[in-house]
Amino acid sequence: KRELDLLLSSGEQVSTSLLSIKLRELGVNARAYTGQQLGICTDSSHTEARIKEINKELLLSKLEKCDVLIAAGFQGIDQLGEITTLGRGGSDTSAVALAACVGSNVCEIYTDVDGIYTADPNTVKSAVIRKEVSYKEATLLAYSGAQVIHPRAVELAADYDIQINIRNTFKPGNAGTKIVKEENM
């Protein structure tokens, strides 16, 4: 599993580097960083690690050096200096954890779906998109197999009262679904 983490983490590093290079070509001061470079500390559970803490001072110092910080999600480093990955949905969890670290109250997650539906739209033709769902509903849906967002990301958002906006990367004009506290429903 250790070697698998090394392999899997490289894909995120390639993607973030390429995005940073392209943004810099367009005149944007962007920088890509690995989980280790951002101080994302995890436990030692290779392929399904959990974030223990993020070095806020290190993260903020990186933010001062650029206009756009691109984080390689899904990965961190354990207390022995080993690269770990967070498992399926780890990029969602990384995004929410980084939002919590910098004190944001909103985390935007762009994916390949329009948002959270009342049922699987591939199976149930009458399914409609939900404009808002509660943390509890989103967590239950995720644990029941809905693969829109990872339950750990929603649980972390609930702990820090962070609204998650699920939006389609390819349809940026669509509102998507907001995951919010129950009181806002």
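Predicted model: local features only at pLDDT ≥ 70, side-chain atom pairs only at ≥ 80, totals over all residues.
The residues that line the largest pocket divide into 16 nonpolar, five polar and three charged, where Ala, Val, Leu, Ile, Met, Phe, Trp, Tyr, Cys and Pro count as nonpolar, Asp, Glu, Lys and Arg as charged, and the others, Gly among them, as polar. Residues are numbered from 1 along each chain as its sequence is written, and side-chain values use heavy atoms, with hydrogens and water left out.

The volume of this largest pocket is about 740 Å³. By pocket I mean, on a 1 Å grid over the protein atoms alone, an open set of points with protein on both sides within 12 Å along at least five of seven lines, whereas a cavity is a set of points where a 1.4 Å probe fits but cannot get out, and lining residues have an atom within 4 Å of a point. Grid points are joined across faces, edges and corners, and a volume is the space filled by probe spheres set on the points. Of the 24 lining residues, those closest to the centre of the pocket are Leu69, Ala71, Ser91, Ala95 and Glu108. Two or more residues each come from α1, α2 (56-63), β4 (68-71), α3 (90-101) and β7, and α3 gives the most, with six residues. The helices here (H or I, at least four residues) and the strands (E, at least two) are DSSP runs, numbered from the N terminus.

Glu108, then, is among the residues closest to the pocket centre, and its side chain also meets that of arginine 167 in a salt bridge, at 3.9 Å from N to O. This pair links distant parts of the chain, since glutamate 108 sits in strand β7 (residues 106-111) and arginine 167 in strand β9 (residues 163-168), 59 residues apart. A salt bridge is counted when a side-chain nitrogen of Lys or Arg is within 4 Å of a carboxyl oxygen of Asp or Glu. Glutamate 108 is partly exposed at 36% relative accessibility, while arginine 167, at 18%, counts as buried; the cut-offs are under 20% relative accessible area for buried, over 50% for exposed, and partly exposed in between, with a 1.4 Å probe and protein chains only.

How many salt bridges does a search of the whole structure find? The search finds seven, and one of them joins the side chains of arginine 2 and glutamate 82, at 2.6 Å from N to O. Arginine 2 belongs to helix α1 (residues 2-25) and glutamate 82 to the loop between β5 (75-77) and β6 (83-85), so this pair ties together parts that are 80 residues apart in sequence. Both partners are partly exposed, arginine 2 with a relative accessible area of 34% and glutamate 82 with 22%. Through shared partners, salt bridges join Arg2, Glu3 and Glu82 into one network.

Glutamate 25 is exposed, at 58% relative accessibility, and lysine 22 is partly exposed, at 46%.

I will finish with the backbone. Most residues other than glycine have a negative phi. Which way does phi point at threonine 47, positive or negative? Threonine 47 has a positive phi of about 70 degrees although it is not a glycine; this residue is in the loop between β2 (40-42) and β3 (51-54) and counts as buried, at 18% relative accessibility. Phenylalanine 74, also not a glycine, has a positive phi of about 75 degrees; its place is the loop between β4 and β5, and at 15% relative accessibility phenylalanine 74 is buried.
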